[in-house]
Amino acid sequence: MDVTDLSFFGGKLKADKADANKTSASITNNYQNIISSSKVIVSRPTRETEYDCNHPRVGIALIFNHKDVKGQKQRIGTERDRDAIHASLTNYGFDVRVFNDLTFADLNKKLKETAQEDHQQNDCLLVVVMSHGYEGKIFARDLAYPVERLWNAFLGENCTSLINKPKLFFIQACRGANLDKAVTYRKFTPMSRQSFSLEAWREKSEAALYAIPNTADILVMYSTFDKHYSFRNIENGSWFIQSICDVLDEAAMDEAFSPQGAELLHLLTAINRKVAYEYQSNAKQEALNQMKEMPNFMSTLTKTFYLRVKRKCLQ
């Protein structure tokens, strides 16, 4: 049976302890810090089109799994997702760290501790969160927090060893109460199909200082469209996480195992396609039955990223 990861609440939402909105005083202080800086920044173009994926390690992967959330329905089946994504990421050589039912204080502490580690020998950072949620927020065990708190610790000013490296976030949670209905279309399939490949090229540039935004090199993939439900099967796990695992596992036996690796956007599009085409809800509630789900992502990545299998790095 398919259920949703929407949090249920009544009345007007109250500001929670984890609210990341800045007060006018903090904004003023930040502005004063900026204008008082004597550092001169000069922006310049780059001809690099790919992130450096030749580091010894693929990176750290944090998995925050929430089954029991205060005041919310238990997320039955989330263990299936936790174990599956752990296995898939371990297969790539990630340093996988799993945390179950953390309070927001503990979750925030883990994020900050990870941000303070040295990531110079890593290709990227990856964070997976599975919980209840609603518009703009996601739940820890004890309270809801703004989703941007997940990546604030890894912004350039807070984690210098991850500057110019992909920081990838995958979020399994509802984002609202809207339902995504199915629509149909017809397509006549041709007998043959011509395919082509585009070879990537690299060009080394001279050593230089580059200025990029503090929020650069972040990708956030959500299990569902803004303001919509996200489905989880109580026996098989969530559509989104299981699709991530299927796509990653298949790539690990093919292009991700090659010297170049699997191109990230190609993988994310495959995840979108799998959830969109292969899943629909089978729920006891008629209003929730035969519904669809559409994952999506927002990106500030500035280059192409290739994910490679690096299992030998864990030996």
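Predicted model: local features only at pLDDT ≥ 70, side-chain atom pairs only at ≥ 80, totals over all residues.
## Helix α5 against helix α6

Two packed helices are described by the angle between their axes and the distance between the axes. Helix α5 spans residues 239-252, and helix α6 spans residues 264-278. Their axes come within 9 Å and cross at roughly 130 degrees. The two helices are therefore oblique to each other. The crossing of α5 past α6 is right-handed.

On the α5 side, the contact uses Trp239, Phe240, Ser243, Ile244, Asp246, Val247, Leu248 and Ala251. On the α6 side, Leu267, Ala270, Ile271, Lys274 and Val275 take part. By class, this contact of α5 with α6 holds ten nonpolar residues, one polar and two charged.

## Helix α2 against helix α5

Helix α2 covers residues 78-92. Its axis and that of α5 come within 9 Å and cross at roughly 25 degrees. An angle under 35 degrees counts as roughly parallel, so α2 and α5 are roughly parallel to each other. Here α2 passes α5 in a left-handed crossing.

Residues of α2 in the contact include Arg80, Asp81, Ala84 and Tyr92. Among those of α5 are Ile241, Gln242, Cys245 and Asp249. By class, the contact of α2 with α5 has ten nonpolar, three polar and three charged residues.

## The three-stranded sheet

Three strands form an open sheet in the order β5-β6-β7, with antiparallel pairing. Its edge strands are β5 (133-134) and β7 (144-146), each pairing on one side only.

Strand β6 takes in residues 137-139. Two bridges join β5 to β6, and these strands run antiparallel. Gly133 stands opposite Ile138 in β6.

How values were computed
Residues numbered from 1 in each chain as written. Heavy atoms only, no water. Axes fitted to C-alpha atoms, helices over the stretch in contact; angles between N-to-C directions. Helix = DSSP H or I, 4+ residues; strand = E, 2+ residues; numbered from the N terminus. Parallel < 35°, antiparallel > 145°, perpendicular 65-115°, else oblique. Left-handed = near helix turned anticlockwise from the far one by under 90°. Contact = heavy atoms within 4.5 Å. Nonpolar A, V, L, I, M, F, W, Y, C, P; charged D, E, K, R; others polar. Pairing = 2+ DSSP bridges.
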